[in-house]
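The sequence and the structure come first.

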Protein chains: 2
Amino acid sequence: MMIGKTDLVDKVKETIDEYNMLISGDKVLVSVSAGPDSMALLHTLLKLKNIYDINLHLFHLDHLTREGQSSIDAKFVKELSEKLGINLTLYVKSAEKYVKEKGLSFETGARELRLNLIQKVANQEKITKIATGHNANDLAETILMRLMRGTGTKGMIGISPTQGKFIRPLIYIFRDEIEKFCYENKINYRVDQTNLESYYFRNAIRNKLIPLMREISKKDFLKNLINFSKIYLEEDRFLNSLTKKIYYKISKRKNNDVYIPIIELKNLPPALNRRLLRLAIEEKKGELLDISFNAVEDIIDSLKNETEFFEFNLPKFMKVVKDKENLVIKKIEKQKIFFKKEIPMEGTCILETLNLVIETKIVDGKDAKIKDDKTTAYLDYESIIPKLYVRPWEFGDRFIPLGLDKGKKLQDFFVDEKVAQEKRKTIPILVDSEKIVWIVGYRIDERVKVKPETRKVLIINVKELS
Amino acid sequence: MMIGKTDLVDKVKETIDEYNMLISGDKVLVSVSAGPDSMALLHTLLKLKNIYDINLHLFHLDHLTREGQSSIDAKFVKELSEKLGINLTLYVKSAEKYVKEKGLSFETGARELRLNLIQKVANQEKITKIATGHNANDLAETILMRLMRGTGTKGMIGISPTQGKFIRPLIYIFRDEIEKFCYENKINYRVDQTNLESYYFRNAIRNKLIPLMREISKKDFLKNLINFSKIYLEEDRFLNSLTKKIYYKISKRKNNDVYIPIIELKNLPPALNRRLLRLAIEEKKGELLDISFNAVEDIIDSLKNETEFFEFNLPKFMKVVKDKENLVIKKIEKQKIFFKKEIPMEGTCILETLNLVIETKIVDGKDAKIKDDKTTAYLDYESIIPKLYVRPWEFGDRFIPLGLDKGKKLQDFFVDEKVAQEKRKTIPILVDSEKIVWIVGYRIDERVKVKPETRKVLIINVKELS
């Protein structure tokens, strides 16, 4: 089990030094899944333990999945910790159960559970660093995923080598190097049959996309992706620290809201402008999930207009208001607005805050009698991507109004339809998992209209709660 | 032929305004190929002509290709210019002939010829802007190409909306929007059967990669690529202008060389550090072609070492020297160094500057008698990617020395082999189109060694010119 001097250990050491991952006295929690990555990570850290003067503590979570396989992994890690004489915190928690209780997808839920437990152990054991086994292939796959799914600029970084207490010493080591290291040093591992994050998508990238890209580029293109990610990581950090300095200098806080003088925003280069706005939203919202590229662009665009007053919703009860002198980022008081709410494909749903009832039913195409009725929508059932939700309108919303053949900003639609600012907040927007399907009382989306070939019609009726 | 108000014209106008592409009085050369992109560009500019107060001048180049088809394109453009009453400069030049004379690939040569002629017309006609028809699909394809082939950070910008006099008003318009615009406005165009740039690679991206990415992402991922490119364009411009300011402040010029104080470099954030070094190389070299990621990283790495003196070659007779206080970027005097030179797969090649003869021949695997001889290399012919070249060593060079299973910096190899700094410049390096194959007199590359299954052996002998 003793690892000699190897190229892999040297390369990992280079990464640790470059990103200052370890300092003397660090107590490092090593998240060990029993797979090759975490086993290589553990053995590399064992080898470097004395050089950096650090202590190790193992963490493992048995999710109780894969028909007992997960418990064999747990046993493997337990025996390992005993053999190495390193403390282990082992949790046995059903991911299935957690996911059900929280109403999350398996992937999201299992990840949340693991991170919560890691955080808990980190507090109890006075852990200063948390090491995970992410490798360069994970990084390249993540970059491609983000590039396709769309993110802000974070996407091109993929997975950062460090993030708070988290360190990823293997992040620039490719999977084949890790497997070779394990083979040569006779390191046993268990093959992990599930990949908790985005299983289908990541596998399609790994097994279809990357091989095709390799074939047509005839180059070692994964290295190119990683090189770009490394460069961009540093540029991103520099731009962020510069933006933060400016942000704290120009922004003001009044009544718990963030005020940013518009004149200052306008004087910034566009690159910082966008980042500053995201920082402000992050301060109020806690994170930047669900803040789309379009929402940020629209807010920046609105600055060009001298006189107009704006008030827009963002997800999680955030609101951006523009007066003549400031952009104000604030939380919306919850009672005044309705929530994003799932509505059944067939059934009844009550929207108390707006005093409305939404009824849905599915009928055969030939049975549907389509009437001209502002409070009822007739939609092509097969063009809807489940699930169906109702929510207030948000900054960045776009749809294709029935009869048009290209998208339109919802904001422009409201202006054309002369809907008053105040009224806009109370109009229910029906959306499926990908797009707006109905601006209730105004217009359905072109993409979900009933066509001659429509087989099933989804009828949605909205009426006042009596 | 009169185009009414359309969404496409509005969108193009937005791009023109956002990137300040046009100012009153501009004389715009429109490069018209006769294809849909350039026809849509021309008609959009005609529509916006009075709004911006600009003049148009057409440019077309008949390459004399495609069995007379190119001349039909030229006739089409000529008739168009007469009908519209707009001046046209029409060139008829054989690309084939130009390419042969210059010894370039068809793609590179045809592009160079076109750009030279455009530049010539621009000077003659006092042109202030040159408009080309690149669209959003071209942009997305270019980003993917660069991402796979590897570039510095420029890759993620793909094609910049403006570059010197060049403007690309359609850069954020997708191909299907352009075709629809042409269809609806009855704009005739000619289908261009050749794509001059990187024909195979770009087509593989267009016809295989993008459809697969669309299928597995289930999203409009091209828009995500373009959004990232737009953001990064601004960040890149900002970082560059910041770096330029610092560069001119800290760098000094002595005897035509650029001196950068190392202490100043070390105080910069890594993001600017890398850009500053590239700027310095660009100043001396004129451009940054062939300056690899690895070369720049190696130079930056060398700064960490307090005492070591470095002297390294870069392509095009560039040299980076590190003394205790400065990085010095200089041109190498040509007579002192040999050039990159193609050598035939079978034949003789004389390297006068080093007083050497290189002889190559290909023999059947079973006929090859492999001898242990420092001046002769025996290589697996099928592992060589034509063509073969000899050149001096360059910063960033890496190879896999015979017997090792992973890459090594050539610099480290020389240190291990105790080759003196001065001698390193005179060692011929044999390379194929992708990799180093032989460090003459020292070691061949593992990837080109003769294997049991080798069918043909390439024998290379290097000896003193007598």
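About 4,600 Å² of area is buried between chain A and chain B, and carbon and sulfur atoms give 68% of it. Buried area here is the accessible area (1.4 Å probe) that two parts lose on being put together, summed over both. The model is predicted: local features need pLDDT of at least 70, side-chain atom pairs count only at pLDDT 80 or more, and totals for chains, interfaces and linings use all residues. Residues are numbered from 1 along each chain as its sequence is written, chains are lettered from A and ligands numbered from 1 in the order in which they are written, and side-chain values use heavy atoms, with hydrogens and water left out.

**Confidence**

The average pLDDT of chain A is 86, and 93% of its residues score at least 70; pLDDT is the predictor's confidence in each residue, from 0 to 100. Within chain A, strand E4 (residues 129-131) has the highest confidence, at 97, and E9(A) the lowest, at a mean of 76. Where pLDDT is low, the predicted coordinates should not be read in detail.

**Interface of chain A and chain B**

Chain A and chain B each bring 46 residues to the contact, where contact means heavy atoms within 4.5 Å. Eight salt bridges are found across this interface, a salt bridge being a side-chain nitrogen of Lys or Arg within 4 Å of a carboxyl oxygen of Asp or Glu. There are also 10 residue pairs in polar contact between the two chains, both residues being at pLDDT 80 or more. A polar contact is a pair of N or O atoms within 3.5 Å; within protein, one must be able to donate a hydrogen and the other to accept it, and residues adjacent in sequence count only if both atoms are side-chain atoms.

On the side of chain A that touches chain B, the elements that give two or more residues are helices H1 (7-18), H6 (136-149), H7 (175-184), H8 (199-217), H9 (221-250) and H11 (270-285) of chain A. Helices (H or I, at least four residues) and strands (E, at least two) are DSSP runs, numbered from the N terminus. H9(A) gives the largest share of this side, 12 residues. By class, the side consists of 24 nonpolar, six polar and 16 charged residues. In this classification Ala, Val, Leu, Ile, Met, Phe, Trp, Tyr, Cys and Pro count as nonpolar, Asp, Glu, Lys and Arg as charged, and the others, Gly among them, as polar.

Over all chains, the salt-bridge count comes to 69. One of these pairs is B:Arg274 with A:Glu234, whose side chains meet at 2.8 Å, N to O. B:Arg274 lies in helix H11 (residues 270-285) of chain B and A:Glu234 in helix H9 of chain A, so this pair joins two chains.

| Residue | Partner | N to O distance |
|---|---|---|
| B:Arg274 | A:Glu234 | 2.8 Å |
| B:Arg275 | A:Glu235 | 2.8 Å |
| A:Lys409 | A:Asp298 | 3.5 Å |

**Domains of chain A**

Chain A is divided into domain 1 (7-223), domain 2 (251-335) and domain 3 (341-464); the bounds come from an automatic or database domain assignment. The C-alpha centres of domain 2 and domain 3 of chain A are 28 Å apart. Their contact takes 14 residues from domain 2 of chain A and 11 residues from domain 3 of chain A.

The area buried between domain 2 and domain 3 of chain A is about 1,200 Å², with 52% from carbon and sulfur atoms. Of the area that domain 2 of chain A buries against domain 3, A:Asp298, A:Phe312 and A:Asn313 supply 49%, more than any other three residues.

Helix H12 (293-302) and strand E9 (310-314) of chain A are the elements that give two or more residues to the side of domain 2 that touches domain 3. The residues of that side divide into seven nonpolar, three polar and four charged.

**Local features**

B:Arg175 lies in helix H7 (residues 175-184) of chain B. Its side chain makes a polar contact with the side chain of B:Glu141, at 3.5 Å. Leaving aside neighbours within four places in sequence, B:Arg175 is in contact with B:Asn135, B:Asn137, B:Asp138, B:Glu141 and B:Arg206.

The peptide bond from A:Pro386 to A:Lys387 is cis, with omega near 5°, and A:Lys387 is placed in the loop between strands E15 (376-380) and E16 (388-391) of chain A. In chain B, the bond from B:Pro386 to B:Lys387 is cis, with omega near 0°.
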